[in-house]
Amino acid sequence: MTAVMAPPVKPAPPPVKRVRRGGGIAPPWLFAAPALLVYALVMLYPSIVGAGSAFTDWSGVGEQRSFVGFDNFQELVHDDQALGALRNTLLLTLAIVVVQNGLGLLLALGVHTTIKSRMVLRVIFFAPVVVSPVMVSFLWKYVYNPAPDAGLNAALNAVGLGALRQDWLGDPSLAIWSVAFTVIWQCAGYSMVIFLAGLEGVPKELHESAMVDGAGTVARFRHITWPLLAPAVTINVMLSTVGGLTLFTQIIAMTNGGPGYATDTLSTVLYKQAFVFGKFGYSTAVALVLAIFVAAVSFLQIGYLRSRETTA
Amino acid sequence: MRTAYRPRTFVLELVMVATAVAFLFPVYALVTLAFKDPEQIANAPLSPPDPPSVDSFGTAWQSASLGSALLNSTLITVSSVVVLIVLGSLAAYFLARQAGRLSYSLYILFLVGIILPFQLGMIPLYQLVNDLGLLGTYQGMILFYTGIQLPFTVFLYTGFIRSLPADYTNAALIDGASHLQAFVHVIFPLLRPITGTVLILNAVHIWNDFFTPLLYLGGSGRETVPVRVFAFVNEYTSDYGLVAAGLVLAALPILVVFLLLQRYVIRGFSSGLKG
Amino acid sequence: MASEIIRPQVSRRRLLQLMGGVAVAGTLAGCGGGNSAGGSGGGPLKVIGAGSQEAGLRKALDEYKKQNSSFDFNLSFSPADQLQTALRAQLAAGNAPDMHAVYPGNGSAMSMVQLSKANLLTDLSDQAWTQKIPTGFKGAYQQDGKTFIFSPGTSVLGAIYNKKAFAKAGVEVPTTWSELLTVCETLKKKGIVPLALGAQTPWVTQLINYALVPGTVYAKQPDFDDKMAAGSATFAGSGWADAMNKYLELQKRGFFNDNPNGTTYEQATSMVGTGKAAMAVQVSAVLQAYRDAAPSPDDLGMFPLPATDTVADNWIPGGIVVGLAVSAKSKKADEARKFIEFCGQPDMINTWAEAVACVPLYSEGEAKVDPVLKPFLHYLSGNKAVPFMDQRWPNAEVQPTHFAVVQELLGGKTTVDGALKKMDEAYRKTA
């Protein structure tokens with residue numbers, strides 16, 4: 001990848017005589033100022049103000065709000081709906097991280113071969129990544145039509161698997177997996193290209209000498225490819241974890257958290273608390289907890305995965 | 001292991017193509033739906049359209065006002081990405097080359113933005129954009145996307161610049177160039193690979209974003225493609241053919257751009273993120 | 001790359017302008033905000049309506065504009081859930097449109113009681129039409145004796161049915177719960193889905209309970225809401241349990257379409273329109289959508305869903321439809337109030353009510369009512385109509401909880417007792 005461009009031709013530097021005043025080669029503060037200003041204006045300031053309302057009982061409209069200390073956080077610990085949402089969030093994330101990356105790896109291994117269709121297949125598997133999640137959700141909502149003669153059910157019937165027809169989004173035990181599958185369908189291509197970039201960095205010579213030593217495909221994958229893919233695994237796991245923990249659009253567009261509370265996640269719960277229940281202060285408390293949670297998980301993950309990279 | 005094409009390779013090829021066919025099934029369902037009239041949809045939901053009808057496309061294009069939505073989306077996406085590249089690369093250059101605790105803290109401050117859930121600052125930010133008189137404007141959206149995407153952009157650029165040797169700039173500076181000149185003529189061209197990644201990741205995200213434009217642009221006449229499509233789908237939701245045509249039309253532009261630039265897009269997504 | 005070299009200056013300058021903007025905005029807020037823009041201000045009146053009131057609201061605005069050449073408006077609509085999001089963001093930011101949709105009574109974050117408590121609505125009490133609000137409906141329009149919303153009248157809730165499907169099965173409109181079950185049984189034997197239920201769409205889940213509780217709760221305990229408020233009654237152990245058990249009985253006997261939790265409102269609508277299903281429990285406000293789905297609008301009728309076997313106990317749900325309020329922050333409040341006054345005139349109320357298939361708030365002489373609603377009128381005049389239950393719920397959490405527990409019941413994930421317990425918990429939370 002990142003082949004560094006040839007630097008523009010410059011004559012060799014003359015002997016160092018004219019050292020700039022200030023002595024350093026570091027660029028001035030001014031370089032960071034515009035970005036910092038916009039970032040502070042759009043993210044830091046609103047987030048701090050927003051976080052402040054986590055300690056109030058503000059409804060989201062009007063002037064009335066009073067400071068309630070940590071009441072919202074205490075309520076959160078006893079809120080069955082939020083706890084159920086936490087469970088769903090973790091299940092969804094786990095499913096997405098495991099299946100999306102597993103599938104992405106298989107696809108990458110499949111197209112990193114001499115098969116004739118490899119370039120076309122890469123494009124096909126990657127294409128959903130660039131489409132808006134809202135549109136993908138609408139598409140899958142149609143595919144998941146529970147009628148026996150529509151969408152996925154009709155397709156299953158057509159290939160003789162009629163017994164597998166389901167109420168994909170309506171069955172409370174199944175809905176969350178249906179949502180996860182939609183995300184996996186859209187993002188598996190993303191994992192695939194990151195693994196592909198990793199595979200391209202595996203030196204051919206290693207495989208060749210292993211083959212001479214009589215190592216089979218599986219053995220070569222285990223002992224050569226897999227260890228060298230560690231950085232790609234890190235990136236993929238990190239990206240899909242954060243994506244899974246903060247999943248929002250697909251759920252709102254497909255199930256709105258239902259049936260019942262079966263697909264509510266922390267993101268949908270905090271959205272509903274703010275806009276449907278009129279409990280903005282509480283919603284912000286959930287958002288804060290989510291942010292800290294995501295940060296903690298990312299931190300632990302990166303620590304573990306990096307150490308794994310170096311020992312591998 | 002690019003070796004010869006063997007019988008085993010052929011079996012693999014079959015398996016992969018079969019996977020792709022299954023993978024494409026939802027797309028097939030959607031596209032055929034768009035070409036069918038209501039009667040065909042009711043009677044033969046999965047068979048190819050016979051005869052294909054293109055009526056839905058015209059109606060969908062008109063009722064969802066997709067023409068102007070495309071223009072709005074393009075304007076917002078292109079402007080935001082340009083501003084992001086300029087501000088992000090400049091800031092990252094500073095952060096990567098300025099040693100010291102302060103610049104490191106600043107870098108961490110930017111990274112915090114990657115994990116802040118957007119809901120946290122949503123209402124105060126909305127208030128701010130309103131106070132600035134930027135609700136329902138392109139500028140408001142560009143400002144928003146610049147701020148929201150800067151952390152990720154700065155992160156990508158900083159990592160890349162740190163891996164570059166410092167000698168080139170030093171040479172230029174010693175030659176008497178100003179910092180800005182050195183950046184523009186020496187550093188920025190070296191950043192091409194990561195700029196490609198920044199451009200593509202941000203463009204895809206901004207183009208496809210839904211919730212913020214709904215909030216900021218709803219009712220302004222400057223709605224982006226996902227917002228118009230969402231409203232359209234909600235309005236005609238029982239007319240599957242029409243909805244499908246709207247979705248196909250709305251997804252088409254970015255898919256065409258992707259197909260034209262696929263090599264760069266795929267590389268953009270995978271490089272720069274490689275650790 | 002040349003073009004990108006020049007940009008930093010441009011964006012830096014723009015940024016400075018922005019920062020200037022912040023400073024200016026800050027100063028204005030310091031002076032008390034709002035008042036600075038001066039007088040009535042130009043530009044059209046900004047109105048955001050709910051999707052279900054579109055037909056009536058648009059007619060009223062067009063008519064008013066015809067009579068007042070200087071009047072201009074900018075009207076937009078959004079479906080219920082988006083309305084919630086976009087409007088609440090605007091209200092939160094103090095950027096409310098001049099007029100916007102508000103739900104009558106209490107029970108939702110966008111309801112009259114919740115918003116008037118936050119001082120976001122303009123008092124309309126001095127307008128003539130407010131004197132005509134019947135005592136029973138005052139709670140829908142008024143808080144602390146002041147009227148805050150305009151609504152054209154009452155919508156009723158019952159079974160929308162396909163007359164052709166009924167004729168095909170040879171069944172008549174039922175008047176008791178047992179007759180309803182027999183009708184369903186006969187329809188089912190003929191291969192027609194008796195009741196279409198699109199419970200994937202959250203607000204649809206509540207309708208069957210709303211149709212049943214006037215009979216199972218309010219006919220025996222007309223003061224049930226007061227008892228709930230006083231804490232001397234709960235959902236659990238009340239006629240609500242009876243209603244939910246009946247809801248489940250309909251499901252257990254296979255009277256709904258397959259997979260109601262995966263079926264949307266629109267899919268259910270088209271089932272009834274095409275005659276694949278015979279009935280759907282719905283509000284009269286959506287009649288138009290059902291008529292659009294049918295080959296001929298005359299194929300559809302409506303009748304009160306009988307909740308019990310005692311005909312005298314079969315009360316109906318009849319609630320004030322989504323209304324319109326003037327924002328307390330509007331700089332064009334006077335203009336908006338004049339428009340509301342115009343809407344309150346008898347002929348305008350009639351026009352609006354007819355457009356959204358509801359019974360007008362009041363009328364001079366014979367009201368023009370959609371003939372389909374005839375079977376409901378004597379309940380309204382005989383005080384056997386109960387407002388939609390959520391309008392008297394104390395916070396915005398009970399209703400979404402109701403949606404969720406019904407989906408859980410249909411999905412076999414909870415029991416009637418468990419469902420009602422959850423609703424009681426939501427009810428007891430502070431507003």
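I began with strand β8 of chain C, residues 277-283, and found it mostly covered, with seven of its seven residues buried. The model is predicted, and I read every entry below with that in mind.

Next I looked up the pairing partners of β8(C). Strand β6 of chain C, residues 153-162, runs antiparallel to β8(C), and five bridges join the two. Within this pairing I noted Ile160(C), whose bridge partner in β8(C) is Ala280(C). Strand β7 of chain C, residues 193-195, pairs with β8(C) in the parallel sense, over two bridges. There, Leu195(C) has Met279(C) of β8(C) as its bridge partner.

I then turned to where chain A meets chain C. I found 26 residues of chain A in contact with 31 residues of chain C. On the chain A side, α1 (33-52) and α12 (266-275) each supply at least two residues. The largest share, three residues, comes from α1(A). I sorted this side of chain A by class: 13 residues are nonpolar, nine polar and four charged.

Last, I checked chain B. I saw 14 helices and zero strands. Of the contacts in chain B with a separation of 6 or more, 75% join residues 24 or more positions apart.

Technical notes
Residues numbered from 1 in each chain as written. Chains lettered and ligands numbered in written order. Predicted model: local features only at pLDDT ≥ 70, side-chain atom pairs only at ≥ 80, totals over all residues. Buried ≥ 20, exposed ≤ 12 C-beta atoms within 10 Å, placed from the backbone. Helix = DSSP H or I, 4+ residues; strand = E, 2+ residues; numbered from the N terminus. Pairing = 2+ DSSP bridges. Contact = placed C-beta atoms within 7 Å. Nonpolar A, V, L, I, M, F, W, Y, C, P; charged D, E, K, R; others polar.
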